[in-house]
Amino acid sequence: FFPWVVPPRVRGQHLSAMPEIIAAALGSFACGAGCMKMMQKFRPTEESPFAPMAASSPSMRYMMSPPTHLRREDPKEGAAGRVSSDAFLTRSMADLGKTPGISRDLDKDLFLRVLTRLIEQSSTLQNNPRLGVHPQEKNAALVVMSELEAYSTKAGGPLVVEELEYVTGRSNLKVTYPGTSKETVAFVGSHLDVVPADPETWNKDPFKLTIEGDKLYGRGTTDCLGHVALLTSFLVALGKAKPKLKRSIVVLFIAAEEGGEKNIGVDAVLGKGKLDEVKDGPVYWVDAADSNPCCGTAGALSWSLVCKGRLFHSGFPNKGINSIELASEAVSIIQDRFYRDFAPHPDEEAYQFATGSHMKPTQIECAKGSFNQICPETTVHGDIRLSPFYEVEDVVQAVEQYVKDLNDDMHEFTGRGPWSDFVLPESVQVNAGEQRRGQVELKWMGNMDTFKLYAGLAVRLNSDGHKALVQAFRETNAEVKPFSINGSLPLVKMMQKSGFDIQLCGFGKMSVYHGVDEYCSLSDMVKAHEVVLRVVCLLESAC
């Protein structure tokens, strides 16, 4: 907004008069056939001081209406204070004497042996249903069960080992170390499947553990077989030492995380009631990264917008409908409305999210043709990353309404310049099967069940589980940096809503998740063992 576009009679007036100033400025520019045509086409149906603004920008028609979303989130479940590196459960440091016989030092030989065996199976653990690649998580479960066998109840030990297989070959594995009370601490989310790896693109063999100094290379070392080996080693330590604990410790290794398949992994375990007991304590989802508490994730929704116009010779824009211009206009209007309805939420800053909710195009494709043809169809692909303080039902409902409004009001919009329209007049002859009116079609890449599965999560900051996690990291690493990310994790929000105190942590490298030459750090896993031990001891002290 520049001063020279404002008529002299209004320059210098107070900002409270800004709507009238803008209206006058825009009104003074209603000159020439193209501008007059725009002013006529976008005239609001009701008199308003913003009418000239609405005339100059189609999205203003909607921006003058109140936000359309409904925030279904219960305020009681929202942020309790702010993320803080000073959180603590006990004023004194963790009493490691609560777990006599368990060293604060990781058994490196055991950890490396388990991880080596798991990575050797990783070629059979690859999961991408869209590519027809299906894993056999049972192979990883067998590795873990063989390491725990000597300490299982079948062998006279304390560990209750349950293989939960709802689809042949797709095992989940639940291990319980019983305590003396009903209270629990659970470690779930470490999954037995991995994303595919192409050996041709790796500098290391992805299906063999390669050790170079502190780095442990192989598919799954960070995501998530390194965590499986870590927790297996901790369970072995429990089985050997047999400390008397008040809380039961429950570990669940899950199937079908990478592919998001239903009725195979943790959703099936929950559906069978096999995790009901862990509502009596914190549930640590061990599939994050960077060795700090993760306090929040975002939801993810992918979409496509198919914009249909009319093919015609580019020398006659008045007889075609330019789908590229329609796509540009549609995305602009939809984004404008989205950012108003799903504006930055104050809790996002409290949880240290780098951004709030955002909706953006990421790819575009057009019907093939000549450079001298008006393109009849353009498809824009994109995604939405939704703050955990908004609900996926609301964003789906809102975006669908945006697209409906676009189609209903297509006659009110125009393309670029005075000759391009999205609705052709009757004077233009249109053949059977051709578009006389532009059309925008929204396609979601998934259904509501999928979107709810990957909804964002804000952990409970006032829970003993969160306080213990922050304190354990701080005591182990001499510092702690809680963070939130715009990535997504499956089922965590649904579990929270079902009464589970979900907390997030992980010890791999975010920078190599799903990447070429994936690795984790042995020194990070050594510290991770101590973090897990301190969490258990802190919660024992508070029990």
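## A partly exposed phenylalanine

Phe316 is partly exposed, as its relative accessible area is 42%. This value, like every other in this report, comes from a predicted model. Phe312 is also classed as partly exposed, at 25% relative accessibility. The two residues make an aromatic pair of the edge-to-face kind, with 6.3 Å from centre to centre and 90° between the planes.

Phe316 has a charged residue over its ring as well: Lys319 lies over the face of Phe316, 5.7 Å from the ring centre. A further case of this arrangement involves Lys204, whose charged end sits over the ring of Tyr217 at 4.4 Å from the centre.

## Aromatic pairs

In total, the structure contains nine aromatic pairs. One of them joins Phe187 and Tyr284, which is stacked because the ring centres are 5.5 Å apart and the planes meet at 20°. This pair connects distant parts of the chain, since Phe187 belongs to strand β3 (residues 184–191) and Tyr284 to strand β7 (residues 282–286), 97 residues apart.

Both partners are covered by the protein: Phe187 is buried at a relative accessible area of 3%, and Tyr284 is buried at 1%. Elsewhere, a single aromatic cluster is formed by Phe338, Tyr339, Phe342 and Tyr390.

## Strand β13 and its partners

Strand β13 covers residues 377–386 and is mostly covered, with seven of its ten residues buried. Strand β9 (residues 299–308) pairs with β13 in the antiparallel sense through ten bridges. Within this pairing of β9 and β13, Lys308 has Glu377 of β13 as its bridge partner.

Strand β11 (residues 358–366) also runs antiparallel to β13, and eight bridges join the two.

## Cysteines without disulfides

How many disulfides does the structure hold? The count is zero, with a disulfide taken as two cysteine sulfur atoms within 2.5 Å. Cys295 illustrates the reasoning: the closest cysteine sulfur to its own belongs to Cys294 and is 6.7 Å away, which is too far for a bond.

Is Cys295 buried or exposed? Cys295 is buried, because its relative accessible area is 0% and the limit for a buried residue is under 20%. Cys520 likewise counts as buried, at 0% relative accessibility.

Definitions and conventions. Residues are numbered from 1 along each chain as its sequence is written. This is a predicted model: local features need pLDDT of at least 70, side-chain atom pairs count only at pLDDT 80 or more; totals for chains, interfaces and linings use all residues. Side-chain values use heavy atoms; hydrogens and water are left out. Buried means under 20% relative accessible area, exposed over 50%, partly exposed in between (1.4 Å probe, protein chains only). Rings of Phe, Tyr and Trp (its six-membered ring) pair if their centres lie within 6.5 Å; planes under 30 degrees apart count as stacked, over 60 as edge-to-face and the rest as tilted. Helices (H or I, at least four residues) and strands (E, at least two) are DSSP runs, numbered from the N terminus. A charge sits over a ring if NZ of Lys or CZ of Arg is within 6 Å of the ring centre and within 35 degrees of the ring normal. Two strands pair if DSSP finds at least two bridges between them.
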